[in-house]
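Subject: Structure handover: pockets, cavities and salt bridges

Dear colleague,

Here is the structure you asked for, with notes on what was found in it. Please read them with the model open beside you.

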Amino acid sequence: MATYPADKNRVLNNHYSSSANFYESDLMLQDFLRRKLSAEAYESVEGRLEQMGETAAREMDALSLKADRQSPRLHKRDAWGEAVDHIEFHPAYHRLMEIAAESGMFTVKWSPAWRQRYPDERHLLSFGISSLYGLAETGVYCPLCMTDGAAVLIDRFCDEADKARLLPAVYASSLEEMKTGAMYLTEKAGGSDVGATLAVAEHWEGKTYALTGEKWFCSNADGDIAFVLARTHSDDTRPDKTSPDKTRSDTPRPDNRRTAGLSIFLVEKALPDGKRNPMDIIRLKDKLGVRSMASAEIMLQKTRGTLVGEEGQGFKIMTAMINLSRVYNSMAAHSASKRALMEAYQFLRGRDTFGRNALDHPLVRKKLEELGALNTACFYLVWRAVEALDSEDEKESSLLRLLTPMAKKWSAEIGVYLTREAMELTGGIGYIEDHIMPRLMRDVMVLPIWEGAGNIMLLDMLRASGKSEGLAVMLEHIARSVSDPVHGSWVKRESEALRAYSKELFAMESEAMQYNAPAFFNRLTRLFQMSVMIEARDGANERWIDPALRVLHRQGEGETLAPEAVPSREVIEDMIAWKA
């Protein structure tokens with residue numbers, strides 16, 4: 001019987017190492033936060049970043065695997081036949097939520113002390129911590145997104161009593177005190193077409209309404225604080241607002257597909273007397289990915305809700321939560337796909353094939369060059385949106401209006417591609433459920449769909465370009481890069497072509513405009529990413545920015561048959577910017 005030397009019969013060599021602290025390993029994130037945060041803010045949050053980085057690297061993978069494999073279970077009734085609609089989670093899920101609370105990702109954003117000290121750095125601080133969390137767990141990242149979004153609506157639109165009661169529960173540092181948020185928006189007939197909402201709200205007393213109707217996809221179905229869209233009995237529910245008929249309709253018309261008649265309601269899981277707010281959880285969704293958290297179909301049954309803002313202003317108010325959710329979606333896509341890339345990189349460093357290390361093969365380096373560049377471009381695009389969230393500047397607000405759907409669409413699509421390619425680089429091992437890759441692959445697949453699919457993002461980019469100064473601000477931002485000695489002349493030609501074509505595009509009739517929009521926004525996205533990286537480049541980060549710019553420039557010009565120099569192993573390792 002043949003025998004094999006122990007040191008030769010191994011998947012990995014002795015040089016393999018994995019990260020013990022994701023923050024200490026992530027050179028790109030360290031560089032960015034040190035540059036963007038004030039010295040005082042960085043010093044205040046550094047310990048939390050270190051702790052989150054260590055917890056994500058050492059503890060969360062095992063918890064995520066358990067929570068993914070043992071998804072939530074719905075218990076409809078108790079032993080006596082009484083409706084309970086209780087969702088049971090694996091203990092690993094509760095520990096993941098506990099880690100989130102203890103990390104302070106919401107404390108640094110919502111607690112009065114931090115808000116007062118760092119009013120224009122709150123999103124940078126919070127996403128700095130939560131992006132590290134997202135490297136290890138994508139499913140629970142959704143309830144955390146919903147919780148932060150709920151806090152935005154509470155803070156901006158709820159009365160002082162509800163603010164004082166609910167906000168401290170959002171930024172609580174213990175799971176026992178923490179309340180999580182949810183958003184009940186989607187219905188069967190509507191999907192992304194929120195104007196097709198059929199759920200109705202009847203006035204009860206004061207600002208309390210009774211909500212009736214079915215919500216088709218409720219993420220974080222066990223959330224304590226849900227914001228729910230429903231139609232109220234108002235003149236805005238009339239299909240034709242210009243109609244001379246001023247008669248108030250007693251019943252919202254089901255064929256009304258506009259958002260003008262929608263109102264938004266704060267719905268809490270428990271009523272003030274402690275009893276369960278009447279809602280029928282029909283079933284939990286059996287999802288392809290993000291299986292650790294509960295998504296459900298919920299029937300509202302005269303469910304009590306508090307009107308937030310004015311009747312008929314619901315969708316306008318809800319957009320504040322949706323827009324933040326889109327940035328979260330972008331960060332989730334970046335964090336998950338970055339984790340996949342880092343796993344592949346660490347694997348290849350420790351993998352010998354055909355007599356040499358895998359990183360010494362030119363085709364492996366070519367693929368890592370591409371993926372490293374896309375990861376870098378994604379990083380700076382997403383974090384540029386986070387920066388804009390923290391600004392009160394009017395131009396930054398206009399930029400954010402266009403940048404939010406742009407980052408959401410591009411990061412989600414590239415996140416899927418990055419993760420799939422990283423899985424291939426790990427070979428058959430990366431396809432086995434013992435490895436993290438399958439869970440990452442399943443989880444990222446939902447990100448192009450959540451918070452508005454790609455076509456919806458294109459329509460939103462068109463609207464943002466027509467109704468705000470976002471396009472002009474973005475082109476102005478790009479124009480600052482034309483002086484770059486390497487890429488400036490090409491950026492200038494491309495930006496001039498885009499500027500000229502934009503006039504033609506926005507003069508088209510609607511169908512032609514929509515059909516031709518993808519090519520325009522794809523090129524605009526690449527140019528804007530390059531301009532952001534050129535602006536951010538300095539002596540410390542040029543080792544990963546410069547090669548990424550070369551790849552994006554090459555992609556923008558299109559594939560040619562001109563020979564290219566093979567990047568060295570050192571260049572590839574600098575591009576990855578990860579210290580295991």
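A pocket here is an open set of grid points with protein on both sides within 12 Å along at least five of seven lines, and its volume is the space filled by probe spheres set on those points. Please keep in mind that this is a predicted model.

Pockets

On that basis the second largest pocket holds about 710 Å³ of space. Its lining is made up of 28 residues, and those nearest its centre are His-123, Arg-156, Leu-389, Ser-391 and Leu-400. Helices α6 (107-110), α8 (122-134), α9, α11, α12 and α13 (394-425) each give at least two residues to this lining. The most come from α13, which supplies 6. Sorted by class, the second largest pocket is lined by 12 charged, 10 nonpolar and 6 polar residues.

The largest pocket has a volume of about 1200 Å³. It is lined by 37 residues, with Ser-192, Arg-326, Glu-451, Gly-452 and Ile-456 nearest its centre. Two or more lining residues come from each of α9, β3 (181-186), β5 (208-219), α11 and α15 (454-467). Here the classes are 17 nonpolar, 11 polar and 9 charged.

Cavities

There are 5 cavities of 30 Å³ or more. The largest cavity has a volume of about 80 Å³. Among the residues that line it are Thr-138, Cys-142, Ser-325, Asn-329, Trp-450 and Glu-451. Two elements, α9 (141-157) and α11 (314-349), each give two or more residues to this lining, and α11 has the largest share, with 4. By class, the lining of the largest cavity has 7 nonpolar residues, 3 polar and 1 charged.

Salt bridges

The model has 52 salt bridges. One of them joins Asp-538 to Arg-35, at 3.9 Å from N to O. Asp-538 sits in the loop between α18 (510-536) and α19 (542-557) and Arg-35 in helix α2 (residues 27-36), so this pair ties together parts 503 residues apart in sequence. Asp-538 is partly exposed, at 28% relative accessibility, and Arg-35 is partly exposed too, at 31%.

Another salt bridge links Glu-88 and Arg-73, whose closest N and O atoms are 3.9 Å apart. Glu-88 belongs to strand β2 (residues 83-88) and Arg-73 to strand β1 (residues 73-77), so the pair ties together parts that are 15 residues apart in sequence. Glu-88 is partly exposed at 34% relative accessibility, while Arg-73 is exposed at 51%.

Within helix α15, Asp-460 and Arg-463 are 3 residues apart, about one helical turn. Their side chains form a salt bridge of 3.8 Å, N to O. Asp-460 is buried, with a relative accessible area of 6%, whereas Arg-463 is partly exposed at 39%.

There is also a network of salt bridges that links Lys-367, Glu-370, Arg-420, Glu-421 and Glu-424.

A buried arginine

Arg-365 lies in helix α12 (residues 362-389). Arg-365 is buried but makes no salt bridge. The nearest side chain of opposite charge is that of Asp-360, 4.5 Å away, and a salt bridge needs a nitrogen within 4 Å of a carboxyl oxygen. Leaving aside neighbours within four places in sequence, the contacts of Arg-365 are Leu-359, Asp-360, Val-566, Pro-567, Ser-568, Arg-569 and Ile-572.

Regards

Key: Residues numbered from 1 in each chain as written. Predicted model: local features only at pLDDT ≥ 70, side-chain atom pairs only at ≥ 80, totals over all residues. Heavy atoms only, no water. 1 Å grid on protein atoms, 1.4 Å probe; cavity = no way out; pocket = protein on both sides within 12 Å on 5 of 7 lines; lining within 4 Å. Nonpolar A, V, L, I, M, F, W, Y, C, P; charged D, E, K, R; others polar. Buried < 20%, exposed > 50% of the residue type's maximum accessible area, 1.4 Å probe, protein only. Lys, Arg positive; Asp, Glu negative; His and termini not counted. Contact = heavy atoms within 4.5 Å.
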